[in-house]
Amino acid sequence: MKLTPGLRLKSAVCDTEVVIVRPPKEPVTLECGGAPMGGEAGGAVSSDHAGGTLLGKRYEHAPAGLEVLCVKPGAGSLSVGGVELTLKGAKQLPSSD
Amino acid sequence: MNRPVFMDFERRWAISGLEDLTGHAGEAVLPKRDFLARLDELSGRVEELGERFGVALGLDHSVFMGRAAILGLTRRGQTSCNGTCRLIESGDGWLAVNLARPEDVDLVPAWLCRKGDDPWKAIGKTARRCSTADLIERAAMLGMPVAAIPFSRHPGEGRDPDLSSQTRRLSRLDPGLRQDDGLEGGRRPVVVDLSSLWAGPLCGHLLTRIGCRVIKVESTTRPDGARFGPATFFEELHNGQEFVTVDFATPDRLRDLILSADVVIEGSRPRALRQLGIDRDEVMSQRPSMTWVSITAHGRDDARVGFGDDAAAAAGLLAWDRAGRPVFVGDAIADPIAGLTAAEGAMASLLEGGGHTIDVSLSGAAAWVADAPEIASW
């Protein structure tokens with residue numbers, strides 16, 4: 001599946017939903033709870049990928065250039081090729097609004 | 001009979017400084033409603049409460065226009081004075097889009113489902129082909145400060161968005177209840193201010209001026225963004241306050257500070273505070289005489305984010321040019337309106353001995369100003 005900006009993906013094994021913010025430079029498979037996202041629902045969260053996702057947080061896989069935003073939290077954690085995505089910090093405030 | 005009314009308004013509008021901040025760069029645009037009367041009414045109410053504390057606050061129009069003066073900002077039509085917010089035409093109405101933070105710019109391709117080099121070009125092109133409702137829903141999902149303008153492009157066409165969640169919910173307090181006014185003889189109320197930017201700090205500033213001890217609390221990793229703006233503005237708002245930085249990742253110190261306060265000012269979504277282990281209801285059950293001032297973009301039960309310009313637009317606090325296009329009124333004007341509204345509620349609550357939540361939303365406070373009486377026409 002091609003990961004394009006704005007694409008919304010559901011986890012196959014938990015409640016997690018993400019939106020692609022920055023697409024990867026090369027095609028990759030995004031997993032949640034150890035299972036490819038966007039696939040047919042079923043199965044359980046792998047114990048190796050059970051860290052969970054947080055609503056409104058952004059996660060990135062720097063080597064692939066991939067960044068996603070969690071729009072629905074769940075029990076599984078996000079990974080690409082088994083490597084967990086890292087959580088990005090809170091948005092800095094603007095200097096004026 | 002109507003003529004002098006309009007001329008009087010035109011003159012007041014020009015003198016207030018709002019004329020310089022409302023309309024296209026080359027042409028001022030006058031609003032159809034007397035927003036200025038509402039701004040004056042609001043400052044007047046805060047002024048009166050200040051007198052109950054024995055302080056003449058001397059509020060003039062600089063409370064609304066002072067930041068623009070410091071920054072040298074002027075009107076830019078459909079772009080906000082500070083440049084980050086724009087009024088954008090959708091397929092069925094108008095939106096205010098505020099790309100206030102670098103992350104908001106990053107999110108544009110995800111919002112519109114298209115790649116593009118120039119975010120504003122992409123927004124202008126795509127929004128035309130989409131409905132306001134769809135654009136708002138996707139922006140809310142992504143946490144972007146985007147709001148619908150509560151007017152359809154042509155009168156009678158389309159439907160205004162539901163503003164019921166944005167109504168003004170400041171507790172209505174009777175300031176005539178207590179006779180022993182002011183803070184003299186009593187302990188100085190302690191205010192813990194967790195807020196940032198303009199609205200919350202303005203409330204903290206006014207509470208400092210009536211004699212409260214105000215402690216400004218900032219996260220060690222995420223200081224008040226206004227620190228990176230003009231120093232004079234930040235210093236004016238925080239003059240006479242104490243500063244504390246707290247690691248929000250280990251929030252015990254934050255909790256202790258909050259529990260020691262008579263007044264808490266915060267500008268966070270309830271979810272964000274709960275993630276730090278701070279729950280308003282729980283804190284107030286431990287400290288029933290506390291005054292909790294909550295400042296949000298669109299209300300405590302609305303998770304959408306927002307800043308001063310997009311919140312003002314969401315409230316309809318705009319002017320319309322001769323071609324029927326909306327333009328911004330003032331500089332992030334929902335911020336000082338909300339700050340004064342919050343201060344009014346906090347001061348009234350202090351006079352009553354506390355125990356209130358002052359629930360102020362930027363768009364709700366601005367909606368009261370936007371709802372000003374129409375100016376009699378020529």
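Reader: Which exposed residues does helix 10 of chain B carry on the face turned away from its buried side?

Author: The model is predicted; local features need pLDDT of at least 70, and side-chain atom pairs count only at pLDDT 80 or more. Residues are numbered from 1 along each chain. Exposed means over 50% relative accessible area, buried under 20% (1.4 Å probe, protein chains only). Helix 10 is a DSSP run (H or I, at least four residues), and its face turned away from the buried side carries the exposed B:Asp252 and B:Asp256.

Reader: Why do the buried residues of helix 10 of chain B line one face?

Author: The helix spans residues 252-259, and its buried residues are B:Leu254, B:Leu257 and B:Ile258. An α-helix has 3.6 residues a turn, so residues three or four places apart point the same way. Directions run from the helix axis to the C-beta atoms. Seen down the axis, the buried residues line one face because they fall within an arc of 95 degrees.

Reader: Which residues form the salt bridge between chain A and chain B?

Author: A salt bridge needs a side-chain nitrogen of Lys or Arg within 4 Å of a carboxyl oxygen of Asp or Glu. Across this interface the rule finds one. With the closest N and O atoms 3.7 Å apart, the partners are A:Arg58 and B:Asp106.

Reader: What area is buried between chain A and chain B?

Author: Buried area is the accessible area (1.4 Å probe) lost on putting two parts together, summed over both. Carbon and sulfur atoms give 58% of a total of about 2300 Å².

Terms used:
Chains are lettered from A and ligands numbered from 1 in the order in which they are written. Side-chain values use heavy atoms; hydrogens and water are left out. Helices (H or I, at least four residues) and strands (E, at least two) are DSSP runs, numbered from the N terminus.
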